[in-house]
Amino acid sequence: MCSIEDLIASQKPGYSLDQRFYTDSEIYALEVERIIMRNWILVGHRSEWAKPGDFKVYEAAGESAIVVQGDDGAIRGFANVCRHRGSRVCLEKSGNTRKFSCPYHGWVYGLDGKLKAARSMPDDFDFAAHGLKPVSIGLIHGLVFLAFCDHPPSLDGAIRDLAEPMAMFDFENLKVAAYKSYDIPANWKLSIENYQECYHCAAAHPEYARMHTLMLDPLKRPRVQDGMREKMEACGLKEISIDFIDTAARPGEIGYGYSRTAMFDGYLSGSRDGQAVAPLLGDLTGYDGGASDFSFGAFSFLLAYSDHVVCYVFTPVDLNNSRCEIHWLVRSDAVQGKDYDLHELTWLWDITTKADMTIIVNNSKGVHSKYYEPGPFSRMEKAERAYIEWILQQLARQE
Ligand code: FES
Ligand SMILES: [Fe+2]
């Protein structure tokens, strides 16, 4: 078996990855070190931390972090690892608290991560040196990101360039209307690769494919795109296209992107009947029949319809398991039951994700086979190709 360096160098451009990228625990360990622990991942919307003490716990690749609002209103992140002997400190997924008490021997930490109480320690015990270790937290116009490292990629470019498209949907003033988590028994790359391409959409997603033109070959897309373009301005939308995604990211920065794609005629939103499922976002005045894709780094992908936003977050769990979390966002003043119905709001992406889980697991089975061999991408898999090339670049980085 060749070395990981040689294996990376031998990957054929335009082809899917070698089997070892999905089965080799040494490669997974390298991914954890160079990709998963170094990059930003979306943990929620600012509105979920409404008051001091509001917290959420986020877990990836065996690590766990507490994300909590302090008394000063700032959101901070801490490794969920006790400074006594290492127990998980917070066992709840979310809630509100005044302090975090370790369930093992009762050490108590404040909302600022500082150690407040520890029984029976020597007189010279240094409380200040035993606070919870920080993880990085970053905000992009209302979205809260976390990175399990001290020096993650800069968010400055994303904050600057995405300000205008995010303002169109008033990201700062959204709220989480619904949240679902899907456990996928497959390597994290297979889950994200599936999200990166719509070559599979026509066959796998009849509901999605009847409304979204991304299922079309790109050569056939300009005609439908023109219809949306004509309506955009009157609806309060500007045409913006940004691509600093994956291999196009600037050095030292998070990759990010934005684009808007038309839906088929008659579809105002991603819903069962094509009609709106929530009030228009921000200052939008009408439906242009489009849906916007936002990309934030390696794990977080958002789809903004005119009336709601679907946030897709993929989390590596271990070599053979990943998780897909979806947050459905609506404007903060929308009222459940009156302005939106949870079942209708979540219908499309719940059935689409369940269908994807089946595809991804089938993919995983084949990729583990002795008959598997990397195959060529179609021209509808350009984004997946860029994603894979970015992964190989990260793994090959000499540091
Ligand atoms: S491990 Fe947390 S108090 Fe002992
Ligand atoms: Fe899919």
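Trainee: Is histidine 200 buried or exposed?

Mentor: Histidine 200 counts as buried, because its relative accessibility is 14% (buried is under 20% relative accessible area, exposed over 50%, partly exposed in between, with a 1.4 Å probe and protein chains only). Before we go on, this is a predicted model: local features need pLDDT of at least 70, side-chain atom pairs count only at pLDDT 80 or more, and totals for chains, interfaces and linings use all residues. Residues are numbered from 1 along each chain as its sequence is written, chains are lettered from A and ligands numbered from 1 in the order in which they are written, and side-chain values use heavy atoms, with hydrogens and water left out.

Trainee: OK. Which atoms coordinate the iron ion (ligand 2)?

Mentor: His200 (NE2), His205 (NE2), Asp356 (OD) and Asp356 (OD), at 2.0 to 2.5 Å. Donors here are N, O and S atoms within 2.8 Å of the metal (3.2 Å for Na, K and Ca), and water is not among the atoms, so sites may look incomplete.

Trainee: And why is the arrangement called irregular?

Mentor: The four donor atoms subtend angles of 57 to 148° at the iron ion (ligand 2), which makes the arrangement irregular. For the cut-offs, four donors count as tetrahedral if all angles lie between 85 and 135 degrees; four count as square planar and six as octahedral if opposite donors are over 155 degrees apart and all others between 65 and 115; anything else is irregular.

Trainee: How are the donor residues spaced in sequence?

Mentor: The pattern is H-x4-H-x150-D. Histidine 205 counts as buried too, at 1% relative accessibility.

Trainee: Switching to salt bridges: how many are there in the whole structure?

Mentor: The search finds 23, where a salt bridge is a side-chain nitrogen of Lys or Arg within 4 Å of a carboxyl oxygen of Asp or Glu. One of them joins the side chains of glutamate 31 and lysine 189, at 2.7 Å from N to O. That pair links distant parts of the chain, with glutamate 31 in helix H3 (residues 25-36) and lysine 189 in helix H6 (residues 188-196), 158 residues apart. Helices (H or I, at least four residues) and strands (E, at least two) are DSSP runs, numbered from the N terminus.

Trainee: Are those two buried or exposed?

Mentor: Glutamate 31 is buried, with a relative accessible area of 0%, and lysine 189 counts as buried at 0% as well.

Trainee: What about arginine 385, what does it pair with?

Mentor: Glutamate 389, with the closest N and O atoms 3.0 Å apart. They sit four residues apart in helix H11 (residues 382-396), so about one helical turn separates them. Arginine 385 is partly exposed at 34% relative accessibility, and glutamate 389 is partly exposed at 27%. Elsewhere, salt bridges that share partners join Arg160, Asp161, Arg250 and Glu253 into one network.

Trainee: Last topic: what is the strand order in the open sheet of three strands?

Mentor: E6-E7-E8, with antiparallel pairing; two strands pair if DSSP finds at least two bridges between them. Strand E6 (100-101) and strand E8 (115-117) stand at the edges with a single partner strand each, so one side of each is left without a neighbour in the sheet. Two bridges join E6 to strand E7 (residues 108-109), and phenylalanine 100 has tyrosine 109 in E7 as its bridge partner.
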